[in-house]
Amino acid sequence: MRFVAAALWAFFALTAPRGALACACCTNPGQRYVEVEALDSGRLEQIESVRFGKAAMLFVGEADPQSIAGIATPVERYDLTVAWDKSRPGTTRAVFALGNQEGRSGTLSLELPKKISIFEVDPRDSADEGTGPTLYKEWKLTGEVTGCDAFASSNGPRQRLTLILQGRGNACTSGGDFTAWTLVMQGPRANYALFGDLVPSE
């Protein structure tokens with residue numbers, strides 16, 4: 001079935017008028033799409049294609065970093081590496097390894113859920129590029145979390161971790177649209193947020 005769909009799409013791409021194909025990705029003023037959908041293989045592939053920058057920042061606002069619950073000796077900046085763990089059949093985990101110069105390192109592992117929250121909206125602050133306004137986009141994934149070492153206090157039966165990919169683009173979303181990320185920890189034992197940049201694929 002997937003092969004047939006791909007063949008039909010290729011046929012359409014070769015035979016359709018150029019303008020008709022382009023408008024498959026067109027946007028409209030005031031466009032808004034907010035839904036929770038299945039995390040299918042196509043979207044999972046796009047998520048796995050993003051590349052995280054080498055730094056993660058802890059959101060502190062006007063607070064003292066030491067007042068943040070759920071992290072041992074928190075600091076405002078961490079060195080970051082991200083890996084995708086598929087060692088358990090049918091399960092993908094995003095593993096965030098976070099370290100700092102004080103040596104209080106650890107990991108946060110997010111088990112990707114079966115559903116993804118999609119938010120795409122015309123922010124009404126961008127020029128029409130000929131195919132419509134540029135949409136602001138967020139893809140949100142909320143799931144169970146495992147924290148180790150400096151983040152072990154983030155574990156708990158009602159703790160949830162949300163990965164948010166943020167970016168802009170047209171109506172056809174790919175991993176390349178996203179330029180920033182945020183991790184939000186919520187629950188009775190730990191509440192904090194980390195954020196950083198996404199970088200272009202090499």
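Predicted model: local features only at pLDDT ≥ 70, side-chain atom pairs only at ≥ 80, totals over all residues.
Q: How many strands does the protein chain have?
A: The chain has 3 helices to go with its strands. Of its contacts with a separation of 6 or more, 59% are between residues 24 or more positions apart. As for strands, the number is 12.

Q: What percentage of the residues in the protein chain is buried?
A: The accessible surface of the chain comes to about 11,600 Å², with 54% of that belonging to carbon and sulfur atoms. Buried here means under 20% relative accessible area. Out of 202 residues, the buried share is 39%.

Q: How many residues apart in sequence are the parts that C25 and C172 tie together?
A: The structure holds 1 disulfide, and C25 and C172 form it with their sulfur atoms 1.9 Å apart. C25 lies in the loop between helix 2 (18–22) and strand 1 (32–38), while C172 lies in the loop between strand 10 (160–169) and strand 11 (178–186), so the parts they tie together have a sequence separation of 147 residues.

Q: Is the link of C25 and C172 left-handed or right-handed?
A: Start with C172, which is partly exposed at 32% relative accessibility. Then look along the S-S bond, where the angle is -95 degrees. That makes the link of C25 and C172 left-handed.

Q: Which kind of aromatic pair do F52 and W181 form?
A: A search of the whole structure turns up 7 aromatic pairs. In the one made by F52 and W181, the centres are 5.8 Å apart and the planes are at 65 degrees. Planes over 60 degrees apart fall in one class, so F52 and W181 count as edge-to-face.

Q: Which residue joins F52 and W181 in one aromatic cluster?
A: F52 lies in strand 2 (residues 51–52) and W181 in strand 11, so their pair ties together parts 129 residues apart in sequence. F52 and W181 are both buried.

Q: Which residue has its charged end over the ring of W139?
A: W139 sits in strand 8 (residues 135–143) and pairs with F178 in strand 11, 39 residues apart. That pair is tilted, at 5.1 Å centre to centre with 55 degrees between the planes, and both W139 and F178 are buried. The charged end over the W139 ring lies 5.9 Å from its centre and belongs to R43.

Q: What is the relative accessible area of R124?
A: R124 is a non-glycine residue with a positive phi, near 60 degrees, and its place is in the loop between strand 7 (115–121) and strand 8. R124 counts as exposed, with a relative accessible area of 71%.

Q: Where is D149, which has a phi near 55 degrees?
A: Most residues other than glycine have a negative phi. D149 has a positive one, and it is exposed, with a relative accessible area of 63%. Its place is in strand 9 (residues 145–149).

Terms used
Residues numbered from 1 in each chain as written. Heavy atoms only, no water. Helix = DSSP H or I, 4+ residues; strand = E, 2+ residues; numbered from the N terminus. Buried < 20%, exposed > 50% of the residue type's maximum accessible area, 1.4 Å probe, protein only. Contact = heavy atoms within 4.5 Å. Areas by Shrake-Rupley, 256 points an atom, 1.4 Å probe, with all protein chains shown as cover. Disulfide = S-S within 2.5 Å. Phe/Tyr/Trp six-rings, centres within 6.5 Å; stacked < 30°, edge-to-face > 60°. Lys NZ or Arg CZ within 6 Å of the ring centre and 35° of its normal.
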